[in-house]
Amino acid sequence: MGSVVDAPVVVEGVAENMLGDKKVTVVFVLGGPGSGKGTQCANIVEHFGFTHLSAGDLLRAEIKSGSENGTMIENMIKEGKIVPSEVTIKLLQDAMIKNENDKFLIDGFPRNEENRAAFENVTKISPAFVLFFDCSEEEMERRLLGRNQGRVDDNIETIRKRFKVFVDSSLPVIEHYNAKDKVKKIDAAKPISEVFEVVKAIFAPYAKLGIQLLAPDKISWIRVMEWLNRDKKRTTEGTNGGVLSEKALLECDYISVI
Ligand SMILES: Nc1ncnc2c1ncn2[C@@H]1O[C@H](COP(=O)(O)OP(=O)(O)OP(=O)(O)O)[C@@H](O)[C@H]1O
Ligand SMILES: O=c1ccn([C@@H]2O[C@H](COP(=O)(O)O)[C@@H](O)[C@H]2O)c(=O)[nH]1
């Protein structure tokens with residue numbers, strides 16, 4: 001009996017963007033403060049192999065690093081205001097370039113139409129789709145006041161300001177992508193596990209296949225991975241140089257898919 005490995009299945013038709021020499025898939029994760037974006041992103045990372053980039057976390061790290069922008073960012077966050085696009089975009093772009101992964105969840109960005117247009121202009125990346133966590137202000141307020149992570153903006157005064165910024169500036173971003181049919185709206189008022197069931201169905205095309213080599217003496221991992229990675233499509237090339245369909249690969253006597 002051979003060993004087990006996770007093999008990526010890349011789905012044709014999912015938008016891919018170039019970041020330097022690298023092809024990347026980006027999903028924007030949007031929703032009001034406390035709607036559960038970070039919580040669900042952690043689940044998506046665990047199950048679907050995305051890298052989570054929270055714009056808010058990157059800005060908070062920038063404050064801690066003692067950067068020259070630190071004081072300005074801290075003041076904006078305390079007021080619930082939106083940090084200038086060039087600062088946030090640079091942090092996101094650097095994080096994507098540094099990371100070897102090619103699938104990113106960008107959480108809490110773009111926050112306004114100017115953020116969105118600047119990001120698309122600078123990076124030439126447009127999202128594969130946008131997850132929108134929809135939740136009432138009453139429920140979000142309850143969650144934020146109970147979060148207890150010592151955040152300077154989780155107080156009732158700043159929370160109200162953040163809600164207003166979300167409605168006035170961030171909802172138009174969601175409307176922009178909705179007009180392009182890119183928004184997947186989720187009822188985020190439900191319990192965490194129920195929200196994740198809906199999220200899971202949306203990310204199903206990114207699921208990893210478990211593959212087991214039944215006859216390691218007859219077929220090598222290197223060969224299987226070459227087949228699966230070729231052209232990043234669901235068709236693969238066989239040993240005889242012809243085209244081996246995914247179906248044929250999965251029916252191969254030496255491999256089982258679990
Ligand atoms: N579906 C849910 N039901 C109840 N509580 C939740 C749910 N999702 C998240 N929470 C809790 O609500 C709080 C806020 O969640 P989270 O940090 O994921 O929200 P967020 O949208 O990322 O917030 P922000 O935009 O302010 O960073 C956390 O304490 C989290 O445990
Ligand atoms: O793109 C962004 C993301 C965040 N901010 C500022 O940070 C806080 C906190 O953001 P969270 O997503 O809740 O962690 C937000 O209120 C903004 O002040 C930003 O300016 N731009």
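1. Basis of the note. The model is predicted, so local features need pLDDT of at least 70 and side-chain atom pairs count only at pLDDT 80 or more, while totals for chains, interfaces and linings use all residues. Residues are numbered from 1 along each chain as its sequence is written, chains are lettered from A and ligands numbered from 1 in the order in which they are written, and side-chain values use heavy atoms, with hydrogens and water left out.

2. The largest pocket. The largest pocket holds about 1,000 Å³ of space. Its lining consists of 46 residues, and P33, K37, R147, R151 and R162 lie nearest the centre. A pocket is an open set of points on a 1 Å grid over the protein atoms alone where a 1.4 Å probe fits, with protein on both sides within 12 Å along at least five of seven lines; lining residues have an atom within 4 Å of a point. A volume is the space filled by probe spheres set on the points, which are joined across faces, edges and corners.

3. Elements and classes of the lining. Two or more lining residues come from each of β3 (22-31), α1 (37-48), β4 (51-54), α2 (55-64), α6 (137-145), α7 (156-179) and α8 (192-203). Helices (H or I, at least four residues) and strands (E, at least two) are DSSP runs, numbered from the N terminus. The lining comprises 17 nonpolar, 17 polar and twelve charged residues. Ala, Val, Leu, Ile, Met, Phe, Trp, Tyr, Cys and Pro count as nonpolar, Asp, Glu, Lys and Arg as charged, and the others, Gly among them, as polar.

4. Helices α6 and α7. The axes of these helices come within 11 Å and cross at roughly 140 degrees; α6 and α7 are therefore oblique to each other. Axes are lines fitted to C-alpha atoms, for helices over the stretch in contact, and angles run from 0 to 180 degrees between N-to-C directions. Angles under 35 degrees count as roughly parallel, over 145 as roughly antiparallel, 65 to 115 as roughly perpendicular and the rest as oblique. In the contact (heavy atoms within 4.5 Å), E137, M140, E141, L144 and L145 of α6 meet I156, I159, R160, R162, F163 and V167 of α7. Seven of the contact residues are nonpolar, none polar and four charged.

5. Helices α2 and α4. Helix α4 (residues 85-98) packs with α2 at an angle of about 100 degrees, the axes being 10 Å apart. The two helices are therefore roughly perpendicular. From α2, the residues A55, L58, L59 and E62 meet V87, T88, L91 and L92 in α4. Six residues of this contact are nonpolar, one is polar and one is charged.

6. Helices α2 and α3. Helix α3 (residues 70-79) also packs with α2, at about 135 degrees and with axes 8 Å apart, which means that α2 is oblique to α3. L59, R60, E62 and I63 of α2 make the contact with G70, I73, E74 and I77 of α3.

7. Backbone features. Most residues other than glycine have a negative phi, and most peptide bonds are trans. The peptide bond from F109 to P110 is cis, with omega near 0 degrees, and P110 lies in the loop between β5 (103-107) and α5 (113-123). N148, in the loop between α6 and α7, has a positive phi near 60 degrees.
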